[in-house]
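Good morning, and thank you for coming.

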Amino acid sequence: MNAANDVERQVIEIVAAKKKMDPASITSATTFEELGIDSLDAADLMFVVEEKFKILVPDEAAQSMRTVGQVVAGIRQLVAANPGSAGVN
Amino acid sequence: MRHEAARRVAITGLGAVSALGVGVEALWTGVANARSGVRRIASFDPADLLTQIAAEVPDYDPAQHFDEAALDLLDRFAQLALVATREALQHARLALAEADRDRAGVAIGSAMGGALTQDERYERLYGQRISRIHPFSIPRIMNNSAAAQVSMHAGLRGPALSFATACAASAHAVGEAAEMIRAGRADVMIAGGADAPIAPGVVRCWEAMRVMAPAPCDDPSRACRPFSRDRLGMVLGEGAGILVLESWEHATRRGAAILAELAGYGATADAEHITQPGVHAPARAIALALEQAHLDPSDVDYVNAHGTGTRLNDSTETTVLKTAFGAHAAKLAISSTKAVHGHAMGASAALELIATILAMQRGIAPPTAHYTAPDPACDLDYVPNVARPLPIRAAISNSFAFGGLNAVLAIRHI
């Protein structure tokens, strides 16, 4: 599996665990609204993502994320900018 | 009778979590039988502390009461508030119609709010130097979280308030909730208090004040001995006490079983000293509660004392009772149930009011446990060690907080 897809798989796993959903029902196009992720849940998601990928998601970036795909893209960008991150495993 | 002209306040439901167990019956069984809930601290290793005892809630498993997602947002004090609320609502058989929810509110007292969460998060931050803090920290720590969680749980959309008046917080919450009902601003109020302060940092802070009872070598459970000559201080506790209050009309219209009338409330401030208790203002709080209840001092049969077990509180409270009741003070049955459920901070007054209501309903004055010998400075009848059958027409519950903030609640048999 390539690294990019691995980020997506991990994000979907995190979201599925949080929302007690089947990971197969979530794609990169799935929106926070569809997942029932409110602003507080989104802050919680960012906390887990930051920990997992050893990155710091700026507030502005976090606030612009409204879909799984946007989270994945944001992580990839931050991971690429930070060689010490653990985004690829 | 004069008091029937104003809106009267009925108590129709009780819920409790304390060091004596989960539930109102566990509280009463411990209180009535002088069975202490004070033990060596079990929630963390207290080996480094001078104070190694507390009145912790035994056999409480959060997972039995809440799912994982709910627990993420609930500090222990809010959990205990919710568990007690569920019991109180069930006890009151209160099922509010949608329209009634706008007329139903919440008033919860807490001295320290989410102290455990705060202690744990700050330990990570300052102790372990982990700078990342979980985003649910504020919703758990904020003092109003219990009031908010209760309003959400019960779907109550009337006034919802939190009271932070330390050891008197739930007395002020219940008293002010009753005032809201009397003023016509609400028909139903879920009122009481919750605290869960048994965290290493909090215990250390209390220790520093030199008011904590040391654990006797032979039996730690006997550490708190209110009004006794050999009393050595207070024991920190935790818990929640919740009451359902209704306007008399609301309660009778729906055919609720009324447990007692919340007849009077007096609130005063010493305006003197941040920790040392006064005499005049607490006595005036008693007088105000009796006046609102249209009770003569001689109508009162039982007093649930603040009775923390410190040298100063218990002798001062004795003087307060003599000042407020005059010659009748000698005829009062007085007890401090803190000897067995500890000082549960913002939950104390509500737990003690619940014990007072049960005492009235069952005609039994609960004892002051661990009493060994009379103190010349505490020379009233403290119902030492053994419960006493006693018809109780009216009773008061005293709460005198640090800061000299006093609240007294008066209840009447119906």
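How many of the residues of strand S7 of chain B are buried? The answer is 8 of its 8 residues, which span 188-195. Buried here means under 20% relative accessible area, with exposed over 50% and partly exposed in between, for a 1.4 Å probe and protein chains only. Helices (H or I, at least four residues) and strands (E, at least two) are DSSP runs, numbered from the N terminus.

A word on the source. This is a predicted model, in which local features need pLDDT of at least 70 and side-chain atom pairs count only at pLDDT 80 or more, while totals for chains, interfaces and linings use all residues. Residues are numbered from 1 along each chain as its sequence is written, chains are lettered from A and ligands numbered from 1 in the order in which they are written, and side-chain values use heavy atoms, with hydrogens and water left out.

Let us return to S7(B). One side carries B:Val188, B:Ile190, B:Gly192 and B:Ala194, the other B:Met189, B:Ala191, B:Gly193 and B:Asp195, and both faces are covered. S7(B) runs parallel to strand S5 (residues 104-109) of chain B, joined by 6 bridges; strands pair if DSSP finds at least two bridges between them. B:Gly193 is the bridge partner of B:Gly109. With strand S8 (residues 239-247) of chain B, S7(B) forms 8 bridges and runs antiparallel. There, B:Ala194 stands opposite B:Ala240.

Next, helix H11 of chain B, residues 280-293. Its 14 residues reach 20 Å from first C-alpha to last, close to the 20 Å expected at 1.5 Å a residue, where the expected span is 1.5 Å times one less than the number of residues. Among its buried residues are B:Ala285, B:Ile286, B:Ala289 and B:Leu290. An α-helix has 3.6 residues a turn, so residues three or four places apart point the same way. The buried residues of H11(B) pack against elements including strand S9 (260-269) and helix H12 (311-325) of chain B. After H11(B) comes B:His294, with a positive phi near 55 degrees.

Finally, chain A. It has 5 helices and 0 strands. Of its 89 residues, 38% count as buried. Of its contacts (heavy atoms within 4.5 Å) between residues at least 6 apart in sequence, 59% join residues at least 24 apart.
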